[in-house]
Amino acid sequence: MRIGVLCSGGDAPGMNACLRAVVRSALSTGHQVVGIYRGYQGLLDEDFFISADGQPTMNARSVSDLSKLGGTILRSSRSEAFRAPHGQARAAAILRKHAIDALIPIGGDGTFRGAADLIKHWSGLIVGCPGTIDNDLVGTDYTIGFATAVQTGVEALDKLRDTAESHERMFLVEVMGRHSGYIALYTALAGGAEIACLPETPTDVAQIIGQLHALKEHGKKSIMIVIAEGDEHGGAAVLERDLVAAGSPFSMRVVTLGHLQRGGSPAPADRILATTLGDFAVRSILQGRTGVMAGQIGGQLVLTPFEETFGKHKPVPAGLVALLESMAT
Ligand code: F6P
């Protein structure tokens, strides 16, 4: 069998570890792997990985030492051309032309939306791996890259707390997460932030001001507020404006972490998840499974239909939202 592999959408730390697992797992069971550059756009451009020995397939050495490497050596993109049905039909024709029997897309909701569309034009097997820092996909407890993104956020919070304490200030730290508060909530909880503003919970400026006054009265010298970029109130800049206007008892600074969270060497948890799911995706394909994402729920490996993974966003754990609130006293 010839298995194609690509990375699509926002890159995530651990995508390389996942690619390594796909290649090693396929080779060890006697199958070939075709690396496709730049996601679905690279597929449309027939932009394939050529290994050092000149072959259009990946070998064990093509993925040497990859577990520790951030980003993705296959590179990634979001393809406009692939979104249209005629783009998907052309991609299917290219897969047939190169005798590719199966595909493993590594990415997030947009990637699996694309995979679900591609299946309408192609009879090959598709099993995806969840590679996104957002951790917003139904069908897996954690996505590849989330642990590293949170680690980066927590390291930033720890450093900002030092300067916040020195200057008796408040920091508004904006983290990634267009539709999901997972990164913000986990970063806030692990980093000891007082408040997290999430898309899933209402952000009430008057209530935050009341909380800030109470914290000041209780002797708090510094405050950390973590804001998901997709918070319904707006990002950190909007919140800063509104808190100043409402009479914040703390002076404040805004820090946007943004793409910093997408880079860096993957945390061990991401490497292990990526390796586990890359191997599971290959084994699932060899069992004839298709139209599903490989995931892990409660320690069990599970396959979830693509449509369910992106149909709705995974809710943030209500218990952790309450825990954060009870810690900030
Ligand atoms: O989906 C992953 C993600 O990093 C989101 O958290 C963020 O909103 C988005 O991608 C940013 O995308 P881009 O790299 O196109 O700016």
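His31 is buried, at a relative accessible area of 19%; buried means under 20%, exposed over 50% and partly exposed in between, computed with a 1.4 Å probe on protein chains only. The structure is a predicted model, in which local features need pLDDT of at least 70 and side-chain atom pairs count only at pLDDT 80 or more, while totals for chains, interfaces and linings use all residues. Residues are numbered from 1 along each chain as its sequence is written, and side-chain values use heavy atoms, with hydrogens and water left out.

His31 sits in the loop between helix H1 (15-28) and strand E2 (32-36). Helices (H or I, at least four residues) and strands (E, at least two) are DSSP runs, numbered from the N terminus. Two polar contacts involve the His31 side chain: one is with the backbone nitrogen of Met1, at 3.2 Å, and the other is with the backbone oxygen of Thr29, at 3.2 Å from a polar side-chain atom. A polar contact is a pair of N or O atoms within 3.5 Å; within protein, one must be able to donate a hydrogen and the other to accept it, and residues adjacent in sequence count only if both atoms are side-chain atoms. Apart from neighbours within four places in sequence, His31 is in contact (heavy atoms within 4.5 Å) with Met1, Ala26 and Leu286.

With residues up to four places away in sequence not counted, Asn59 touches Val23, Leu27, Ser51 and Asp53. Between Asn59 and Gly247 there are 61 Å in space, C-alpha to C-alpha, and the two are 188 residues apart in sequence.

Asp65 is not a glycine, yet has a positive phi of about 65 degrees. Most residues other than glycine have a negative phi. Asp65 is exposed, with 59% relative accessibility. Ala99, likewise not a glycine, has a positive phi of about 55 degrees. Ala99 is located in the loop between helix H4 (85-97) and strand E3 (102-107) and is partly exposed at 42% relative accessibility.

The pockets come next. A grid of 1 Å is laid over the protein atoms alone, and a pocket is an open set of points where a 1.4 Å probe fits, with protein on both sides within 12 Å along at least five of seven lines; lining residues have an atom within 4 Å of a point. The largest pocket holds about 660 Å³ of space, the volume being the space filled by probe spheres set on the points, which are joined across faces, edges and corners. Its lining consists of 30 residues, and Gly9, Arg78, Asp109, Gly110 and Arg178 lie nearest the centre. By type, the lining of the largest pocket has four nonpolar, 15 polar and eleven charged residues. Here Ala, Val, Leu, Ile, Met, Phe, Trp, Tyr, Cys and Pro count as nonpolar, Asp, Glu, Lys and Arg as charged, and the others, Gly among them, as polar.

The second largest pocket contains about 240 Å³ of space. It is lined by 16 residues, of which Ile195, Ala196, Thr201, Gln207 and Glu325 are the closest to its centre. Strand E6 (195-197), helix H8 (205-217) and helix H12 (318-327) each contribute at least two lining residues. The lining of the second largest pocket divides into nine nonpolar, four polar and three charged residues.

Which residues surround the ligand? They are Arg78, Ile133, Asp134, Met176, Gly177, Arg178, Glu229, His259 and Arg262, each with a heavy atom within 4 Å of the ligand.

In helix H7 (residues 182-191), eight of the ten residues are buried: Tyr182, Ile183, Ala184, Leu185, Tyr186, Thr187, Ala188 and Gly191. These buried residues pack against helix H6 (146-167), strand E5 (170-175), E6, strand E7 (223-228) and H12. After H7 comes Gly192, with a positive phi near 70 degrees.
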